[in-house]
Amino acid sequence: MASPISRKKPSSGRSLTRLQRNLNNCFAYDLVPSPDVIAAALRAARRVNDYPTACRIFEGIQAKVENQHQYEEYLHDLKPLREELGVDLKEELYPTTPFR
């Protein structure tokens with residue numbers, strides 16, 4: 001009798017590399033990814049337990065949008081997911097302080 005085929009789950013390092021490569025490809029285009037794509041990327045970052053990548057996704061959005069209003073719309077759409085996953089924004093982690 002033949003033994004069952006075991007399917008190994010990919011290691012988290014390999015999954016992390018794959019996530020980062022796909023995000024790089026996603027943000028390389030001139031278009032801003034849709035909120036659904038961003039939500040999937042955030043969930044993938046959480047799945048591989050990579051908090052820095054989750055935070056950088058929002059930095060990528062901020063760099064890609066045409067104006068601050070569009071960025072705020074993304075933040076509004078993704079706020080429930082951000083709260084669920086516990087992802088902070090760069091501006092929340094490092095608030096700017098004026099020079100004295």
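Let me start with the contacts in the chain: among those with a separation of 6 or more, 63% are between residues 24 or more positions apart. Please keep in mind throughout that this is a predicted model. The chain has 100 residues, of which 30% count as buried, and its exposed surface comes to about 7,900 Å², with carbon and sulfur atoms supplying 52% of that area. As for secondary structure, the chain holds five helices and zero strands, so that, read from the N terminus on, the order of elements is simply α-α-α-α-α.

As a general point, an α-helix has 3.6 residues a turn, so residues three or four places apart point the same way. Helix α3, for its part, has 14 residues and reaches 21 Å from its first C-alpha to its last, close to the 20 Å expected at 1.5 Å a residue. In α3 the buried residues are T53, A54, C55, I57, F58, G60 and I61.

Between these two helices there are two loop residues that I would like to look at with some care. The one I take up now is N49, which is found in the loop between α2 and α3, and whose phi is near 60 degrees, a positive value in a residue other than glycine. For background, most residues other than glycine have a negative phi. N49 counts as exposed, because its relative accessibility is 62% and the cut-off for that class is over 50%.

The other is D50, which also has its place in the loop between α2 and α3. What is the nearest side chain of opposite charge to D50, and how far away is it? It is R56, at 5.5 Å, and D50, although buried, has no salt bridge; the reason is that a salt bridge would require the side-chain nitrogen and the carboxyl oxygen to be within 4 Å.

Side chains of opposite charge can pair, in general, when their charged atoms come close. How many salt bridges does a search of the whole structure find? It finds two. One of them joins the side chains of K79 and E83, at 3.9 Å from N to O, and both residues lie in helix α4, residues 68-85, four residues apart, which is about one turn of the helix. K79 counts as partly exposed, given its relative accessibility of 43%, whereas E83 is exposed, with a relative accessible area of 57%.

The other salt bridge is formed by E92 with R82, and here the closest N and O atoms are 3.0 Å apart. This pair links distant parts of the chain, with E92 in helix α5, residues 90-93, and R82 in helix α4, 10 residues apart. The two partners fall into separate classes of accessibility: R82 is buried, with a relative accessible area of 11%, while E92 is partly exposed, with a value of 44%.

Staying with helix α4, I would also point to Y74, which lies in that helix and counts as buried because its relative accessibility is 13%, the cut-off being under 20%. Leaving aside neighbours within four places in sequence, Y74 is in contact with V32, P33, S34, P35, I38, I61 and V65. The C-alpha atoms of Y74 and Q62, which are 12 residues apart along the chain, are separated by 9.2 Å.

Finally, the surface. Y51, L93 and Y94 form a nonpolar patch there, with about 330 Å² of accessible area together. Of these, L93 has its place in helix α5, and at 37% relative accessibility L93 counts as partly exposed.

Methods. Residues numbered from 1 in each chain as written. Predicted model: local features only at pLDDT ≥ 70, side-chain atom pairs only at ≥ 80, totals over all residues. Heavy atoms only, no water. Buried < 20%, exposed > 50% of the residue type's maximum accessible area, 1.4 Å probe, protein only. Lys, Arg positive; Asp, Glu negative; His and termini not counted. Contact = heavy atoms within 4.5 Å. Patch = residues over 30% accessible without salt bridge, like charges linked within 9 Å, V, L, I, M, F, W, Y side chains within 5 Å. Areas by Shrake-Rupley, 256 points an atom, 1.4 Å probe, with all protein chains shown as cover. Expected span 1.5 Å × (residues − 1).
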